[in-house]
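Here is a briefing on charged and aromatic side chains in one protein model. Look over the sequence and the structure before reading on.

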Amino acid sequence: MTNKEYALLAGKVLSDKKAQDIVIIDIQGKATFADYFVICSGTSERQILSLLDDIESAFAKEDLFVKSIEGRQGSGWILMDFGDVIIHVFDRENRLFYNLERIWKDGKEIPAEEL
């Protein structure tokens, strides 16, 4: 799979599991550490942890394994680093506070129709 296909897979898994406000940003050429950010919000701590498990499982089936996970239960923001695809799962409050979409506005947002 290509990095874009992994990012789209993450978006689909998150959508299927009712994550909110899913955004995929192509940051190729804007950053050296990754090609795609996938950003979403969860409605509760339980849902956030479930989303992480579902992403990890879906990627493992495609032989892509998480390199590191930053953040912790109850922190409001957990980052999963798969190398060229980075998944950010926020609670609503932290999503608004950090506003990654604004910080990475130079990236190209992948339209929701591609999910």
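Beyond its neighbours within four places in sequence, Asp26 is in contact (heavy atoms within 4.5 Å) with Asp35, Tyr36, Gly107 and Lys108. The model is predicted: local features need pLDDT of at least 70, side-chain atom pairs count only at pLDDT 80 or more, and totals for chains, interfaces and linings use all residues. Residues are numbered from 1 along each chain as its sequence is written, and side-chain values use heavy atoms, with hydrogens and water left out.

**Asp26**

- Asp26 is found in strand S1, residues 20-26; strands (E, at least two residues) and helices (H or I, at least four) are DSSP runs numbered from the N terminus.
- Asp26 is buried yet has no salt bridge. Buried means under 20% relative accessible area, exposed means over 50%, and partly exposed is in between (1.4 Å probe, protein chains only).
- A salt bridge is a side-chain nitrogen of Lys or Arg within 4 Å of a carboxyl oxygen of Asp or Glu. For Asp26, the nearest side chain of opposite charge is Lys108, 5.9 Å away; Lys and Arg count as positive, Asp and Glu as negative, and His and the chain ends are not counted.
- The side chain of Asp26 reaches the backbone nitrogen of Gln28 at 2.9 Å.

**Salt bridges**

- Side chains of opposite charge can pair when their charged atoms come close. The structure holds three salt bridges.
- Asp16 and Lys12 form one of them, at 2.9 Å from N to O. Both lie in helix H1 (residues 3-16), four residues apart, which is about one turn of the helix.
- Lys17 and Asp54 form a salt bridge with their closest N and O atoms 4.0 Å apart. Lys17 lies in the loop between H1 and S1 and Asp54 in helix H2 (residues 45-61), so this pair ties together parts that are 37 residues apart in sequence.
- Arg95 and Glu101 meet at 2.5 Å, N to O, in a salt bridge. Arg95 is buried at 8% relative accessibility, while Glu101 is partly exposed at 21%.

**Aromatic rings**

- The whole structure has nine aromatic pairs. Rings of Phe, Tyr and Trp (its six-membered ring) pair if their centres lie within 6.5 Å; planes under 30 degrees apart count as stacked, over 60 as edge-to-face and the rest as tilted.
- Phe33 and Phe37 form a tilted pair, 6.1 Å centre to centre with 40° between the planes. Phe33 is partly exposed at 44%, and Phe37 is buried at 4%.
- Trp77, Phe90, Phe97 and Tyr98 form one aromatic cluster.

Definitions and conventions: Polar contact = N/O pair within 3.5 Å; in protein donor to acceptor, adjacent residues only side chain to side chain.
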